[in-house]
Amino acid sequence: MADDITETSQTVAAGQLRAFIERIERLEEEKKTIADDIKEVFAEAKGTGFDTKAMRSIIRLRKKDQAERQEEESILDLYKTALGMV
């Protein structure tokens, strides 16, 4: 009886593991598809004359809150001043 319970538990655990792995694999494929779509949008933007490097910087900045952006800009300004870049 105990062997049957152990075997059933292992079967259930193996099934759960397989389900998790398959979900992760599907999500990884979706992530790749989305990354390809983003790459296409950047290529389209570049084709119309936009600077994609600047666009990536803007996207990165928009992810931060205003206080974090201001702090980063202040530090950059301080460093540029110290190096005579302004």
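The accessible area comes to about 8000 Å², and carbon and sulfur atoms account for 58% of that. Keep in mind that this is a predicted model.

Now switch to the C-alpha trace. Along its principal axes, the trace of the protein chain spans about 80 × 35 × 20 Å. The radius of gyration is 25 Å, whereas a compact globule of 86 residues would have one near 12 Å. Colour by burial next. Of the 86 residues, 5% count as buried.

Select helix H3, residues 66-82. Ala67 has its place there. Is Ala67 buried or exposed? Ala67 is exposed, because its relative accessible area is 52% and the cut-off for exposed is over 50%.

Next, show the charged side chains. The protein chain carries 15 positive and 19 negative ones. Where are the centres of the two sets? They lie 8 Å apart.

Finish with the rings. Select Phe42 and Arg56 together. What sits over the ring of Phe42? The charged end of Arg56 does, 3.9 Å from the ring centre. Then look for rings paired with one another. With ring centres required to lie within 6.5 Å, the count is zero aromatic pairs.

How values were computed:
Residues numbered from 1 in each chain as written. Predicted model: local features only at pLDDT ≥ 70, side-chain atom pairs only at ≥ 80, totals over all residues. Heavy atoms only, no water. Phe/Tyr/Trp six-rings, centres within 6.5 Å; stacked < 30°, edge-to-face > 60°. Lys NZ or Arg CZ within 6 Å of the ring centre and 35° of its normal. Rg over C-alpha atoms; globule rule 2.2 N^0.38 Å. Buried < 20%, exposed > 50% of the residue type's maximum accessible area, 1.4 Å probe, protein only. Areas by Shrake-Rupley, 256 points an atom, 1.4 Å probe, with all protein chains shown as cover. Lys, Arg positive; Asp, Glu negative; His and termini not counted. Charge placed at Lys NZ, Arg CZ, Asp CG, Glu CD. Helix = DSSP H or I, 4+ residues; strand = E, 2+ residues; numbered from the N terminus.
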